[in-house]
Amino acid sequence: MSIVYYTLHNGVTIPSLGFGTYKLQDTEQARDCVAYALRAGYRSIDTAALYKNETGVGQGIRESGLKREDIFVTTKLPNDRHGYDEALRTFDESMARLGLDYLDLYLIHWPGKDRYVETWKAFEKLYREGRVRAIGVSNFLPHHLETLRQQTEIMPMVNQIELHPYLWQREAIDYCQGHGILVEAWSPLMRGGAAFTEPTVSAISQKHGRTNAQVILRWELQHGIRVIPKSATPARILENSDLFGFALDQDDMAAIDALERDGRTGAHPDEFLF
Ligand SMILES: NC(=O)c1ccc[n+]([C@@H]2O[C@H](COP(=O)([O-])OP(=O)(O)OC[C@H]3O[C@@H](n4cnc5c(N)ncnc54)[C@H](OP(=O)(O)O)[C@@H]3O)[C@@H](O)[C@H]2O)c1
């Protein structure tokens with residue numbers, strides 16, 4: 001597998017494919033799946049303090065035998081840890097669990113109510129100190145990003161949002177792509193939900209001799225989005241990484257685009273305020 005890389009607005013390169021770890025239980029399952037994925041060719045891992053598996057993720061990274069600099073690691077600050085000092089402390093705690101001495105990407109997991117500017121200033125400090133190579137956000141809408149643009153100094157390099165064939169957050173994507181922010185799709189496979197068995201997707205899969213998962217992930221990549229599919233199943237981990245040897249045509253892309261139905265499965269960022 002030869003993964004294509006994107007370049008963030010600060011010049012750091014990031015694999016367009018990462019391995020999602022939500023619901024991989026600490027410690028054995030997370031360790032084993034992460035080590036397996038890295039040995040299979042993934043070069044990027046997405047975790048979060050909220051997933052309670054950072055310890056296992058760190059073990060898996062070490063068990064893979066790969067060099068630290070060849071792996072791109074993301075973790076996230078949980079919702080109940082907003083605030084400047086709290087963010088700095090929380091970062092140290094995540095790093096201790098991961099067993100890493102620098103991080104590749106630190107994300108604010110959710111904007112929460114009204115403290116994300118303060119939190120972001122702590123992220124800027126961590127970035128300036130070289131403790132993290134890139135900083136970003138998750139579940140941010142254009143109005144949150146606009147507040148950061150007006151009140152802070154560094155624009156996020158990444159925004160990780162829910163995206164799949166049933167939910168295409170057009171406004172957020174346009175804002176990000178217009179401001180040099182890379183968009184990452186969470187639940188890119190809609191957690192194996194209804195979009196997966198869509199006859200439109202199945203017809204395109206048959207046409208290319210690919211699986212539905214591969215077609216959906218490829219569709220996201222061709223829109224310039226980074227994908228982080230999760231699986232605890234070795235065959236699916238392999239399947240989800242084999243995305244770079246085929247391409248969808250314009251008709252395929254348009255047919256999947258047309259499946260959009262505002263089908264959010266997670267919380268709305270403006271309503272998830274704890
Ligand atoms: N920032 C946020 O708020 C946020 C929220 C949610 C998720 N995330 C991140 O995004 C990652 C991916 O999202 P997700 O885990 O919610 O969902 P997902 O990657 O869309 O889907 C994962 C589910 O699909 C199944 N699956 C995976 N590959 C498959 C395949 N090839 N064929 C059939 N089924 C397949 C998996 O089953 P098995 O595991 O049983 O194989 C699992 O149940 C997460 O792991 C996490 O790192 C971030």
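**View 1. The second largest pocket.** The second largest pocket holds about 160 Å³ of space. A pocket here is an open set of points on a 1 Å grid over the protein atoms alone, where a 1.4 Å probe fits, with protein on both sides within 12 Å along at least five of seven lines; its lining residues have an atom within 4 Å of a point. The volume is the space filled by probe spheres set on the points, which are joined across faces, edges and corners. This is a predicted model, so to speak of local features pLDDT must be at least 70, side-chain atom pairs count only at pLDDT 80 or more, and totals for chains, interfaces and linings use all residues. Residues are numbered from 1 along each chain as its sequence is written, and side-chain values use heavy atoms, with hydrogens and water left out. Look for Ala49, Leu50, Lys52, Pro78 and Asp80, which lie nearest the centre among the 11 lining residues. The lining has four nonpolar, two polar and five charged residues; Ala, Val, Leu, Ile, Met, Phe, Trp, Tyr, Cys and Pro count as nonpolar, Asp, Glu, Lys and Arg as charged, and the others, Gly among them, as polar.

View 2. The largest pocket has a volume of about 750 Å³. Of its 34 lining residues, Tyr22, Ser187, Pro188, Arg191 and Lys230 are the closest to its centre. The ligand sits in this pocket, meaning that more than half of its atoms lie within 2 Å of the pocket's grid points.

**View 3. Around the ligand.** The ligand is surrounded by 29 residues, with Asp46, Arg191, Lys230, Ser231 and Thr233 the closest; to be counted, a residue needs a heavy atom within 4 Å of the ligand. By class, this shell has 12 nonpolar, 11 polar and six charged residues. Now zoom in on the ligand's oxygen atoms. One lies 2.7 Å from a side-chain N or O atom of serine 187, and an oxygen is 2.7 Å from a side-chain N or O atom of lysine 230. At methionine 190, a polar backbone atom is 3.4 Å from a ligand oxygen. Taken alone the ligand exposes 900 Å², and the protein buries 88% of that (Shrake-Rupley method, 1.4 Å probe).

View 4. Aspartate 26 and threonine 27 are joined by a cis peptide bond, with omega about 5 degrees. Asparagine 139, a residue other than glycine, has a positive phi near 60 degrees.

Technical notes
Polar contact = N/O pair within 3.5 Å; in protein donor to acceptor, adjacent residues only side chain to side chain.
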